[in-house]
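Welcome to this short tour of a protein fold. Please take a look at the sequence and the structure, and then read on.

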Amino acid sequence: MSTDFGFACEKRPAIGTRGMVVTNHPLASAAGAEMLAAGGNAIDAAVAALFTLSVVEPMMVGIFGGGIAHLRLADGRHRIIDGLSCAPGAARADSYRPVSDRMPDYMETEDRENAVGAKSVAVPGNLLGWCEAARRHGSLPLADLLEPAIRHARRGFRITGYLSGCIAECAADLAADAEIARHFLPGGKPLAAGDRLVSAAYADTLATIARQGPAALHGGDLGRHAAEALARRGGLLALDDLEGYSLVDREPVRGSYRGLEVIGPPPPSAGGVHVLQMLNILEAFDLRGMGFGSPQAMHLLAEALKIAFADRAAATADPAFVDVPVARLVSKDYAAERRALLDRARARDWQAGVAAPAGSGPLPRESANTTHVSVADRDGNIVSSTQTINSLFGARIMIPGTGIIPNNYMYLFDPHPGKALSIAPGKRVTTSTAPTIVLRDGHPRYVLGLPGGLRIFGSVMQALVNLIDHGMTMQQAVEAPRLWTQGQELEAEEGLPKAGREALRAMGHPLMVVPHVAGGMNGIEFGEDGSMTGAACWRADGTAIGLGGGTARPDTRFWPEAPRKP
């Protein structure tokens, strides 16, 4: 099999035998590795990394956000911890005034109330999800897991060009809130790469959580202060919402691809369902023989993506409110029905093949600004977790005196009443996250995930095709050029072969060449010898850190001292 795929990797993998941590910032990966070195497990490492990411990647993730964690425990059990945000009790279907009933402004509202500011904030689940994962399955005290994050917040860290660019991009909105502006726009100018960012107030907030646990926010003084601060600015969130928030334990969705078992999150995530659906469609084709980046292979990937998005209206909802036909969507028989309609030589339009729920509207406009961690330990515990505050810097405000940047998850609900995704108290947001774990003969083979909004699950599918069909290494798979479409333009990364891109145009695909599709994927590949190879891609500040070595051979000393007489 050829190993020349037409692109060069920009980063290098890490190899370990005692554990692996891959996140989208080196300090977060180091925090996770520190927990493994201290005797903690993968759950401890993942939680420590996420708390640290809330300091060093504050535009992407925080304790006032939401997300999904996919855990595989050492005994082989898989657990999905749904910490997605939900609509506050005061939220109503007509809480916002839409500016249009048609795309592209269908999801927009007057004064951007669902996107920026206090009224855009939904009930957060991240803090409770992280702490509960550590309580149930971790082995170290919560205070230990928070210590690296507190350290970096209090003494500061040098920001990367990636964070600096995000600040500059959002500067106009950040400047409208005095608290967040003082933090990221000192003197009215965005922090530059290399500047030191100190978050003393957030360090104090994290220290309070280390002492009091998640109750500090979900019912305690910290939560009361946050709810009152948001209410003063017209927010919908109340202390009762924080007190009443509940995590949901869900069973993952499972399927197979070329003899490997693929496991991912169920609705309200569309990720697991549609990764499996697309793989089922592609399984009948010889993608390996076609070759990576060939016109034939890229055409099939694009058509599979279009089929998935045509069907996604039936799986884009909170299953507590909408009946989602998961079994049909992930079945091999249904994939065969859809595959039979596929034209191998021409692009075509696709309609949903399953009944959409009443009132279905356009797909939600998910933010691409998220983060992901992939972690494994030597005992067989694995974490694949995707977490966010939704848009860059969430609601683009900061709760005074706390350093907390709240989410703007209300932006994911349909602001029009009477729709499947309309706002209802307690309804969970939908998501495309796809924290995925793949097994071979019951043993872990791959774990991966990434940020990127609607482009997440299509990117996971392509990475799995790269690994399984094309025989790429994990480093190659996460960095490989991607494509994406939901039925309109076909986005193709610049790194895909030019001749192949022109062939796609000739097949009828309205091609748009873009610098990147989705965000920084990271993953781990497990070797038969017990080794772990971690990889992160060029689309973020991703870093893999592996642990090797170990303790000394029993009874080993440098030179044993001679016995001394008492």
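How many bridges join strand β9 to strand β12? Three bridges join β9 (residues 260-264) to β12 (residues 436-440), and the two strands run antiparallel. This is a predicted model, in which local features need pLDDT of at least 70 and side-chain atom pairs count only at pLDDT 80 or more, while totals for chains, interfaces and linings use all residues. Residues are numbered from 1 along each chain as its sequence is written, and side-chain values use heavy atoms, with hydrogens and water left out.

**Some words to know**

- Helices (H or I, at least four residues) and strands (E, at least two) are DSSP runs, numbered from the N terminus.
- Two strands pair if DSSP finds at least two bridges between them.

**The sheet with β9 and β12**

- β9 and β12 belong to an open sheet of seven strands, in the order β1-β18-β17-β13-β12-β9-β8, with antiparallel pairing.
- At the edges are β1 (14-16) and β8 (253-257), each of which pairs on one side only.
- Neighbouring strands of this sheet are turned by 20° against each other on average, direction ignored; axes are lines fitted to C-alpha atoms, for helices over the stretch in contact, and angles run from 0 to 180 degrees between N-to-C directions.
- Look for V262, whose bridge partner in β12 is V438.
- Helix α11 (residues 271-282) packs on the sheet and touches β8 and β9, where contact means heavy atoms within 4.5 Å. The direction of α11 makes about 20° with that of β8.
- Helix α16 (residues 456-468) lies across β8, β9, β12 and β13 (443-449), and runs at about 140° to β13.

**The sheet with β3**

- Another open sheet has seven strands in the order β7-β4-β3-β11-β10-β2-β19, and its pairing is antiparallel.
- β7 (248-250) and β19 (543-547) each have a single partner strand, so one side of each is left without a neighbour in the sheet.
- From one strand to the next, the twist averages 15°.
- Helix α2 (residues 42-56) packs on this sheet, touching β2 (19-23), β3, β10 and β11, and its direction makes about 155° with that of β10.
- β3 pairs with strand β11 (residues 382-388) in the antiparallel sense over seven bridges, and I68 stands opposite T386 in β11.
- Five bridges join β3 to strand β4 (residues 78-82), again running antiparallel, and the bridge partner of R72 in β4 is H78.
- The hairpin of β3 and β4 has five residues between the strands, and there G76 takes a positive phi near 95°.
- β4 is also joined to β7 by three bridges in an antiparallel run, with D249 of β7 as the bridge partner of I81.

**Buried or exposed?**

- Strand β3 (residues 66-72) is mostly covered, as seven of its seven residues are buried; buried means under 20% relative accessible area, exposed over 50%, and partly exposed in between (1.4 Å probe, protein chains only).
- In a regular strand the side chains alternate between the two faces of the sheet.
- In β3, G66, I68, H70 and R72 point one way and G67, A69 and L71 the other way, and all are buried.
- A355 sits in the loop between α15 and β10 (371-377), and A355 counts as exposed because its relative accessibility is 68%.

- α11 and helix α15 (residues 332-339) pack at an angle of about 60°, with their axes 8 Å apart. That makes α11 oblique to α15: angles under 35 degrees count as roughly parallel, over 145 as roughly antiparallel, 65 to 115 as roughly perpendicular and the rest as oblique.
- The contact is made by Q277, N280 and I281 of α11 and K332, Y334, A335, R338 and R339 of α15.
- The axes of helix α1 (residues 26-37) and helix α4 (residues 142-155) come within 10 Å and cross at roughly 150°, and α1 and α4 are therefore roughly antiparallel to each other.
- On the α1 side, L27, A31, E34 and M35 make the contact, and on the α4 side D144, L145, E147, P148, R151 and H152 do.
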